[in-house]
Amino acid sequence: IITLRYPELESFHHPLHPRTPLAPVTPTLIVVNIVVFMLMFRGAEPLSDPNTLIEWGGNFGPRTANGEWWRLITTLFVHASWLHLIATVLGLVPLGLIVERFVGPVAFAAMYVALGLFSSLMNVFASPMAVHVGASGAIFGAYGLMIAVLMWGVLRRSGPIMPIAAAKRVAPATMVFVLYNLSTDASATVAEFSALIAGFACGLIMAGSVSEPKASAHRIAIAAAAMLAAAVAVAVPVPGVGGLVGATHQLQRVVTEGDHSMA
């Protein structure tokens, strides 16, 4: 059906099929997001209540920086409303189904988690007292990954190159996703665009394997290591800045003072 509407897509999809016959990660992420949201929706507390978001794993500085570091990942599957969930689905599905087949499921899953972790760290650093939820940082990072891969393919003239028709199919959903995030979560803009740049950098590292039959394991490892290094750079205290470690100490002091004032 796709090739009937867009005959030029045949040359794009044909080389991707033997490279990555299936793209299981993207639909799995969508299913997990929907299941978590439905469980939240059936709860007694309002979805928009910050306490509800924190209870379900939202990223909140005083909790995250005081030992609950798992929130850096769980926050990627927590959404504050139906509209928030729909924006995530629109941003992830058309993008993910293309990028995952470009780089392979393992690489896509590794980069999605790494970029999500990076954006969550940036949120704690930039706005430690706000509650951050959603996967916008990971998705923005995936867009950066796609841009780098496509640029590499055009410049090197190797591997599948995304035609204009395919870009047109992604553009409307991308526009809705970007506008929603810019209009509703201005405090997370720094983290999202940081993830976009980080995803682009990872894409440059991995892009050379796009022309290969399968994504190279060493390129995936190098890209993942680069993301970990970036996360460490955010976390390690810097003279005159403080870093995430400094922010952690401040948050611990806030929590302690709050406990003393309530006593």
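**View 1. The whole chain, seen through its contacts.** Residues 24 or more positions apart make up 77% of the chain's contacts with a separation of 6 or more, a contact being heavy atoms within 4.5 Å. This is a predicted model, where local features need pLDDT of at least 70 and side-chain atom pairs count only at pLDDT 80 or more, while totals for chains, interfaces and linings use all residues. Residues are numbered from 1 along each chain as its sequence is written, and side-chain values use heavy atoms, with hydrogens and water left out. The secondary structure amounts to 13 helices and two strands (DSSP runs numbered from the N terminus: helices are H or I with at least four residues, strands E with at least two). Of the 263 residues, 46% are buried (under 20% relative accessible area; exposed is over 50%, partly exposed in between; 1.4 Å probe, protein chains only).

**View 2. Helix H3 and its buried side.** Val 25, Thr 26, Leu 29, Ile 30, Asn 33, Val 36, Phe 37 and Met 40 are the buried residues here. They sit on the same side of H3, because they cover an arc of only 140° around the axis (taken from the directions from the helix axis to the C-beta atoms). Their packing partners are helix H4 (50–55), helix H7 (82–103) and helix H8 (105–126).

**View 3. Phe 37, zoomed in.** This H3 residue counts as buried because its relative accessibility is 0%. Setting aside neighbours within four places in sequence, Phe 37 touches Leu 47, His 79, Ser 81, Trp 82 and Leu 85. Val 78 is 41 residues from Phe 37 in sequence, yet their C-alpha atoms are 6.8 Å apart.

**View 4. Thr 88 in helix H7.** Thr 88 belongs to H7 and, at 2% relative accessibility, counts as buried. Beyond neighbours within four places in sequence, its contacts are Asn 33, His 79, Ala 135 and Ile 139.

View 5. Ile 34, Met 38, Phe 41, Trp 82, Ile 86, Leu 90 and Val 176 form a patch of about 590 Å² (residues with over 30% relative accessible area and no salt bridge; nonpolar side chains, meaning Val, Leu, Ile, Met, Phe, Trp and Tyr, are joined within 5 Å, like charges within 9 Å). A salt bridge is a side-chain nitrogen of Lys or Arg within 4 Å of a carboxyl oxygen of Asp or Glu. H3 and H7 are the elements giving two or more residues to this patch. Ile 86, from H7, counts as partly exposed at 45% relative accessibility.

Conventions
Areas by Shrake-Rupley, 256 points an atom, 1.4 Å probe, with all protein chains shown as cover.
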